[in-house]
Amino acid sequence: MPQEGTPVLVVELAFTAAPQRLAARPAHRAALARLHGEGKLLAAGPWTDDTGALLLFALERPALDEVLREDPYYLRTPGVEVRSIREWTPVVGGPQE
């Protein structure tokens, strides 16, 4: 469970059908499972039409930047684009519940 006051950062991804994206996905999902187990990732998943995904991280921005650099899926895999990173303030739910 994240500490109180930890921001929730929302990462929105856009996908294309590039085969490199699908090949990189198993390792990426293993990294997501590890981050979730560590309490750094609250939730993640693709849009139902597979045009992108939404990820909710309970991290400070420098730590998120490190996660993005370490997992090549985000910044170096053809077919994956980081569309936006925004800080979100949950009113109901969120990391402290």
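What you're looking at is a predicted model, where local features need pLDDT of at least 70, side-chain atom pairs count only at pLDDT 80 or more, and totals for chains, interfaces and linings use all residues. Residues are numbered from 1 along each chain as its sequence is written, and side-chain values use heavy atoms, with hydrogens and water left out.

Now step back to the whole chain. It has 3 helices and 4 strands; helices (H or I, at least four residues) and strands (E, at least two) are DSSP runs, numbered from the N terminus. Of the chain's 97 residues, 36% count as buried. Buried here means under 20% relative accessible area, exposed means over 50%, and partly exposed is in between, with a 1.4 Å probe and protein chains only. Contacts tell you about the fold too: among those between residues at least 6 apart in sequence, 70% join residues at least 24 apart. A contact means heavy atoms within 4.5 Å.

Back to the strands. The 4 strands make an open sheet in the order β2-β3-β1-β4, with antiparallel pairing. At the edges stand β2 and β4, each with a single partner strand, so one side of each has no neighbour in the sheet. From one strand to the next, the twist averages 15°. Strands count as paired if DSSP finds at least two bridges between them, and β2 and β3, which run antiparallel, are joined by 5 bridges. As a general point, strands of a sheet pair through backbone hydrogen bonds, either parallel or antiparallel. Besides the pair we began with, look for Leu41, which stands opposite Phe57 in β3.

The hairpin of β2 and β3 has 5 residues between the strands. Asp50 is found in that loop between β2 and β3, and its phi is positive, about 60°, although Asp50 is not a glycine. Is Asp50 buried, exposed or partly exposed? Its relative accessibility is 29%, so Asp50 counts as partly exposed.

Next comes helix α1, which packs on the sheet and touches β1, β2, β3 and β4; its direction makes about 160° with that of β2. (Axes are lines fitted to C-alpha atoms, for helices over the stretch in contact, and angles run from 0 to 180 degrees between N-to-C directions.) The helix has 19 residues and reaches 28 Å from its first C-alpha to its last, close to the 27 Å expected at 1.5 Å a residue. That expected span is 1.5 Å times one less than the number of residues. Follow α1 along and you'll find a kink of about 45° at Arg25, shortly before the proline Pro26. The bend at a residue is the angle between axes fitted to the seven residues ending there and the seven starting there. After α1 comes Gly39, with a positive phi near 80°.

Which residues of α1 are buried? They are Arg21, His28, Ala31, Leu32 and Leu35. These buried residues pack against β1 (8-15), β2 (41-46), β3 (52-58), α2 (61-70), α3 (72-76) and β4 (80-88).

Zoom in on Arg21. Its relative accessibility is 3%, so Arg21 counts as buried. A polar atom of the Arg21 side chain lies 3.0 Å from the backbone oxygen of Thr16. A polar contact is a pair of N or O atoms within 3.5 Å; within protein, one must be able to donate a hydrogen and the other to accept it, and residues adjacent in sequence count only if both atoms are side-chain atoms. Leaving out residues up to four places away in sequence, Arg21 touches several others, including Asp50 and Thr77.

Thr77 sits in the loop between α3 and β4. With a relative accessible area of 9%, Thr77 is buried, and its side chain reaches the backbone oxygen of Pro72 at 3.1 Å.

For a contrast, go to Glu87 in strand β4. Glu87 is exposed, with a relative accessible area of 59%. Setting aside neighbours within four places in sequence, Glu87 is in contact with Pro7, Val8 and Leu9.
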